[in-house]
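The following exercises are to be worked with the sequence and the coordinates at hand. Each task is followed by a solution in steps.

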Amino acid sequence: MAPLTERHDAAIYDPTQFLEDLRVAANAIEAPYQQDVVRKSLDVFDAEFRRCVVQMKATCQPNTGVYYRFFYKWERDLTALAQQHGMIPNESSPIIDLQQQVLSRCTGATRAGLDFDTSFGLAKVWTFTGGPTSVDELLQLPAIPEAVHRHGQFFARHGLRHIFFVASDVQQNSMNVYFGLEDDCRSEDWIRRLAEEPGGVPEAASVYEQMVSSLAVSAGVGMTFRWDDNAMGRWCLYGLNLPCENPVTELDVPPLPARLRHFQQLAQSLNELP
């Protein structure tokens, strides 16, 4: 297991400076940026941005925003606060109700944080299930889409047994389940079988080797589902804490695309090697 590292920022949080940091990061990758939208998020959740770990992220897909999130572990109802300020709808709906159902029905579940987009605003609400939670337990939640139920056997065939996070993506009108990876899921053969069943197999066989290398430190797999479609929207592997700047020799990871390389170079970070 990788050692835990805690970094303390010597500078006091300054919302004006963070607003500028986000603008610079968005400009570096030509990402859409709405200053009034970003400023509102910083105003509404000022207490959280001051006390929580904050992360910025970007994707290699053109014209997508810079995402910024805070990791949360306290009791304040973030969904209700967002609703009070018109950031998400007030009315009850599966995408809104899902997070409260996880909190109330999964033992030990806690609020985990919010994701924001520099042009959209509040994009995602996510919750920690309290620890490894079985698929069967998750399927008891009334707000879970039918599509998740229909993929129960798919999860079983590929050894996806324990869920750690559930998210409601209000930007894409979808939800995400995040599985931890068991030891038997960290192989090229497993990734190949997972990719072949829903389709979208990569053209180059070397991609599988790179994907296995990305799981060397800490990893999970996320899947996206919608309420208006019984198909899986997408699946993706998450390789965490990879040393992209100076990868160790045993990790066969691909070079960063130009958009992400610019983001890495110009976005502000406490990490010496983001």
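This is a predicted model: local features need pLDDT of at least 70, side-chain atom pairs count only at pLDDT 80 or more; totals for chains, interfaces and linings use all residues.

**Exercise 1. The nonpolar cores**

State how many residues the largest nonpolar core has, and describe the surroundings of Phe 179.

Solution. 

Step 1. The largest nonpolar core comprises 37 residues. Those with the most contacts inside this core are Phe 155, Phe 179, Leu 181, Met 223, Phe 225, Trp 235 and Leu 237.

Step 2. When residues up to four places away in sequence are not counted, Phe 179 touches, among others, Val 135, Phe 155, Leu 160, Ile 163, Phe 164, Val 221 and Met 223. Arg 161, His 162 and Gly 220 are also among the residues touched by Phe 179.

Step 3. There is a second, separate core of 35 residues, which includes Tyr 13, Val 44, Cys 52 and Met 56.

**Exercise 2. Helix 1 from end to end**

Check the span of helix 1 against expectation, then describe its N-terminal end, its covered residues and what follows the helix.

Solution. 

Step 1. Helix 1 (residues 15-28) has 14 residues, and at 1.5 Å a residue it should span 20 Å. The expected span is 1.5 Å times one less than the number of residues. The end C-alpha atoms of helix 1 are 20 Å apart, so the expectation and the model agree.

Step 2. The N-terminal end of helix 1 is capped by Asp 14, with a side-chain oxygen 3.0 Å from the backbone nitrogen of Thr 16.

Step 3. The buried residues in helix 1 are Phe 18, Leu 19, Asp 21, Leu 22, Ala 25, Ala 26 and Ala 28. Their cover includes helix 2 (35-44), helix 3 (46-51), strand 1 (53-57), strand 2 (67-71) and helix 11 (258-266).

Step 4. Glu 30 follows helix 1 and lies in the loop between helix 1 and helix 2. Its phi is positive, about 55 degrees, although Glu 30 is not a glycine. Most residues other than glycine have a negative phi. Glu 30 counts as exposed because its relative accessible area is 68%, and the cut-off for exposed is over 50%.

Step 5. Asn 173, likewise not a glycine, also has a positive phi of about 55 degrees. Asn 173 is found in the loop between strand 5 (162-169) and strand 6, and with a relative accessible area of 40% it is partly exposed.

**Exercise 3. Salt bridges within helices**

How many salt bridges does a search of the whole structure find? Examine the pairs Glu 20 and Arg 23, Arg 150 and Glu 146, and Asp 189 and Arg 193.

Solution. 

Step 1. The search finds eleven salt bridges.

Step 2. Glu 20 and Arg 23 form a salt bridge whose closest N and O atoms are 2.6 Å apart. Because the two are three residues apart in helix 1, about one helical turn separates them. Glu 20 is partly exposed at 32% relative accessibility, and Arg 23 is partly exposed at 33%.

Step 3. In the salt bridge of Arg 150 with Glu 146, the closest N and O atoms are 3.5 Å apart. These residues are four apart in helix 7 (residues 146-150), and so are separated by about one helical turn. Arg 150 counts as exposed at 55%, whereas Glu 146 counts as partly exposed at 44%.

Step 4. Asp 189 and Arg 193 meet in a salt bridge of 3.1 Å, N to O. Both lie in helix 9 (residues 188-196), four residues apart, about one turn of the helix. Asp 189 is partly exposed, with a relative accessible area of 48%, and Arg 193 is partly exposed, with 35%.

**Exercise 4. The setting of Arg 111**

Is Arg 111 buried or exposed, and which backbone oxygens lie by its side chain?

Solution. 

Step 1. Arg 111 is in strand 3 (residues 110-117). Its relative accessible area is 15%, and the cut-off for buried is under 20%; Arg 111 is therefore buried.

Step 2. A polar atom of the Arg 111 side chain lies 3.1 Å from the backbone oxygen of Glu 75. For the backbone oxygen of Arg 76, the distance to a polar atom of this side chain is 3.4 Å.

Step 3. Leaving aside neighbours within four places in sequence, the contacts of Arg 111 include Tyr 72, Trp 74, Asp 77, Leu 78, Gln 100, Leu 103 and Trp 126.

Definitions and conventions:
Residues are numbered from 1 along each chain as its sequence is written. Side-chain values use heavy atoms; hydrogens and water are left out. Buried means under 20% relative accessible area, exposed over 50%, partly exposed in between (1.4 Å probe, protein chains only). A polar contact is a pair of N or O atoms within 3.5 Å; within protein, one must be able to donate a hydrogen and the other to accept it, and residues adjacent in sequence count only if both atoms are side-chain atoms. Contact means heavy atoms within 4.5 Å. A nonpolar core is a set of buried Ala, Val, Leu, Ile, Met, Phe, Trp, Tyr and Cys residues joined through side-chain atoms within 4.5 Å. A salt bridge is a side-chain nitrogen of Lys or Arg within 4 Å of a carboxyl oxygen of Asp or Glu.
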